[in-house]
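Here is a short briefing on one protein model. Keep the sequence and the 3D view open as you read.

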Amino acid sequence: MAKVKVGVNGYGTIGKRVADAILLQDDMELVGVSKTKPDFIAKIASSKGINIYVPEGSEETFENKGVKVSGTIEDLITKVDVIVDATPGGVGAQNKPLYEKHGVKAIFQGGEKHEVAGFSFNAYVNYNDAKRRKFVRVVSCNTTGLLRTLHVINELYGIKEAFAVIIRRAADPADDKAGIINTLEPAIPVPSHHGPDVRTVLDVPIETMAVKTPTTLMHLHALQVKTEKKPNKEELLETFSSYKRILLVSKNLGIKSTAKIVEIARDLGRKRYDIYEVVLWEDSISVKDYSIYLYQAVHQEAIVVPENIDAIRAMFELAEKEESIKKTDESLSIGTLEL
Ligand code: NAD
C-alpha cells in the first residue's frame, strides 16, 4: 500500500513533534510543513531536510533569510492525503474550508471546538470510530491524560462519577510571550471546560476545576473516580501497568515532583524530554469503598503526539487499533521510561 502523504499546517510546539513522529513511521510520508515566519525554527526544519510551505506572497521574505521554500501553504494542501492542523486554537476552524475545497482529510487539535471535526479522538477509547472519517479532532493534553486513566477504570469497574482538579502549567517552556510569574489563576466559571471535553470521547459523568500555576514543565491532575463495581487496588495497578501509554512512578524512588519526571526523561535520552505517557504516581492511588483517588502528570507538549499518528492510521484504515498503537509506541519508544 502506498504511504499516506501527510502535511503539517502550524509548525509550533505540537506541529514540530507530530512532524518528527511522522518521519519515524513506515506507512506515512511527511510532504512538508507550513511556516508563517522565516525564524530559527524554519532554519532548523530546513536543515533537517523538511520541505517548507509559506503563505502566498511571503516566499521572497523566506528566501532572503536563506530558507528554501517549496511552495505556498495551499500548494502543500494539494499535495497531501491528510493535513495535521496544529495551528493555534481557532485558526484550524478558519482553515477547514481550504481542506474541504481540496478534498483532503484533516486532523485538528484540542484548541478547536469539537464541532469543527464533529468527532473527537483518543486511541484507547474510540480508534475504530475514526475509521474512514474525513475530519478528526485529537483532544487536548489534559483531556488525553484524563481519558487514558478513565478508560481503564471504566473498563474495569464502570464510572459512576468523576471529579478532577487540574493544576495547569501556565505556558510551554519556549513560550516567552505568555506566562504568569507569581500568581495562581483559577479557571472561572466553574466547572472548567475539561470535563465536557472528556465527554466528547468517553461518555462518563465528570466535572473538573482548573488552576493555572507558574510552571512550564507539566500539568498535574488530582483525580477522584466513583465506580459502579467495587475497585481493587492491586488489580487496578496491574491493569494500568499493562497500558504502555500509562507510566507508573513511585515517590519511593525519589520521584516526588513533575521536575523529577522530566529528569527521568532527560536521563533516559528522550528527545526534547518528550513524555508521551500519562504519568501516575502508583503510591498516590488510594481505594476507599467505591472511590479511587490518584495524582497524575501530563507533559502537555508531547502527550497528544501518538494520538495524532494513530488518528491518521484509523482515518486511512492502515491498521487495526492494537497494531497501530503498537507501531506508534515502538516508533516513539513509548513504555521505555519504566523503572
Ligand atoms: P504554537 O503557538 O506553539 O504553534 C502554532 C504554530 O502555528 C506557530 O508556529 C504559528 O506561527 C503557526 N501559525 C499561526 N497561524 C497560522 C496559520 N494561519 N497558518 C499556518 N501556521 C500558523 O501552538 P501549539 O501549542 O502547538 O498548539 C497548537 C494546537 O495544539 C492548539 O489547538 C492547541 O490547543 C493544541 N494543543 C497544545 C498543547 C500545548 O500544551 N502546547 C497540548 C495539546 C494540544
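Helix α12 passes helix α13 in a right-handed crossing. The model is predicted.

**How α12 and α13 meet**

- Helix α12 covers residues 305-315, and helix α13 covers residues 321-331.
- Their axes come within 10 Å and cross at roughly 140°. That angle makes α12 oblique to α13.
- On the α12 side, the meeting residues are Pro306, Ile309, Asp310 and Arg313. On the α13 side, they are Ser324, Ile325, Lys327 and Thr328.
- The residues of this contact divide into three nonpolar, two polar and three charged.
- An α-helix has 3.6 residues a turn, so residues three or four places apart point the same way.

- How many of the residues of α12 are buried? The count is 11 of the 11, so α12 is largely enclosed by the rest of the structure.
- The buried residues of α12 include Glu307, Asp310 and Arg313. Val305, Ile312 and Met315 are also among them.
- Glutamate 317 follows α12. The phi of glutamate 317 is positive, near 45°.

**Salt bridges**

- The whole structure holds 23 salt bridges.
- Arginine 17 sits in helix α1 (residues 13-23), while aspartate 274 sits in the loop between α11 (258-267) and β14 (278-281), so the pair ties together parts that are 257 residues apart in sequence.
- Arginine 17 is buried, with a relative accessible area of 7%. Aspartate 274 is buried too, at 1%.
- Lysine 212 and glutamate 185 form a salt bridge through their side chains, at 3.8 Å from N to O. Lysine 212 belongs to strand β11 (residues 206-213) and glutamate 185 to strand β10 (residues 185-186), so this pair ties together parts that are 27 residues apart in sequence.
- Lysine 212 is partly exposed, with a relative accessible area of 25%. Glutamate 185 also counts as partly exposed, at 38% relative accessibility.

- Arginine 245 and aspartate 310 meet in a salt bridge of 2.7 Å, N to O. Where do these two residues lie? Arginine 245 is in the loop between α10 (233-241) and β13 (246-249), and aspartate 310 is in helix α12, so the pair ties together parts that are 65 residues apart in sequence.
- Arginine 245 is buried, with a relative accessible area of 0%. Aspartate 310 is buried, with a relative accessible area of 0%.
- Salt bridges that share partners join Asp27, Arg148, Arg245, Glu307, Asp310, Arg313 and Asp329 into one network.
- Asp310 and Arg313 are also among the α12 residues that meet α13.

**Leucine 332**

- Leucine 332 lies in the segment after α13. Is leucine 332 buried or exposed? At 7% relative accessibility, leucine 332 counts as buried.
- Beyond its neighbours within four places in sequence, leucine 332 is in contact with Ala21, Leu24, Arg270, Tyr276, Val305 and Pro306.
- Leucine 332 and leucine 280 are 52 residues apart in sequence, and their C-alpha atoms are 19 Å apart in space.

**Tyrosine 273**

- Tyrosine 273 lies in the loop between α11 and β14. Tyrosine 273 is buried, with a relative accessible area of 12%.
- Leaving aside neighbours within four places in sequence, tyrosine 273 is in contact with Pro173, Leu217, Val262, Ala265, Arg266, His299 and Glu301.
- Tyrosine 273 and alanine 302 are 29 residues apart in sequence and 9.0 Å apart in space, C-alpha to C-alpha.

**Lysine 134**

- Lysine 134 is in the loop between α7 (123-126) and β8 (135-138). At 37% relative accessibility, lysine 134 counts as partly exposed.
- Which residues does lysine 134 touch, not counting residues up to four places away in sequence? They are Gly103, Val104, Lys105, Ala106 and Met315.
- Lysine 134 and serine 284 are 150 residues apart in sequence and 41 Å apart in space, C-alpha to C-alpha.

How values were computed: Residues are numbered from 1 along each chain as its sequence is written. This is a predicted model: local features need pLDDT of at least 70, side-chain atom pairs count only at pLDDT 80 or more; totals for chains, interfaces and linings use all residues. Side-chain values use heavy atoms; hydrogens and water are left out. Axes are lines fitted to C-alpha atoms, for helices over the stretch in contact, and angles run from 0 to 180 degrees between N-to-C directions. Helices (H or I, at least four residues) and strands (E, at least two) are DSSP runs, numbered from the N terminus. Angles under 35 degrees count as roughly parallel, over 145 as roughly antiparallel, 65 to 115 as roughly perpendicular and the rest as oblique. A crossing is left-handed if the near helix is turned anticlockwise from the far one by less than a right angle, and right-handed if clockwise. Contact means heavy atoms within 4.5 Å. Ala, Val, Leu, Ile, Met, Phe, Trp, Tyr, Cys and Pro count as nonpolar, Asp, Glu, Lys and Arg as charged, and the others, Gly among them, as polar. Buried means under 20% relative accessible area, exposed over 50%, partly exposed in between (1.4 Å probe, protein chains only). A salt bridge is a side-chain nitrogen of Lys or Arg within 4 Å of a carboxyl oxygen of Asp or Glu.
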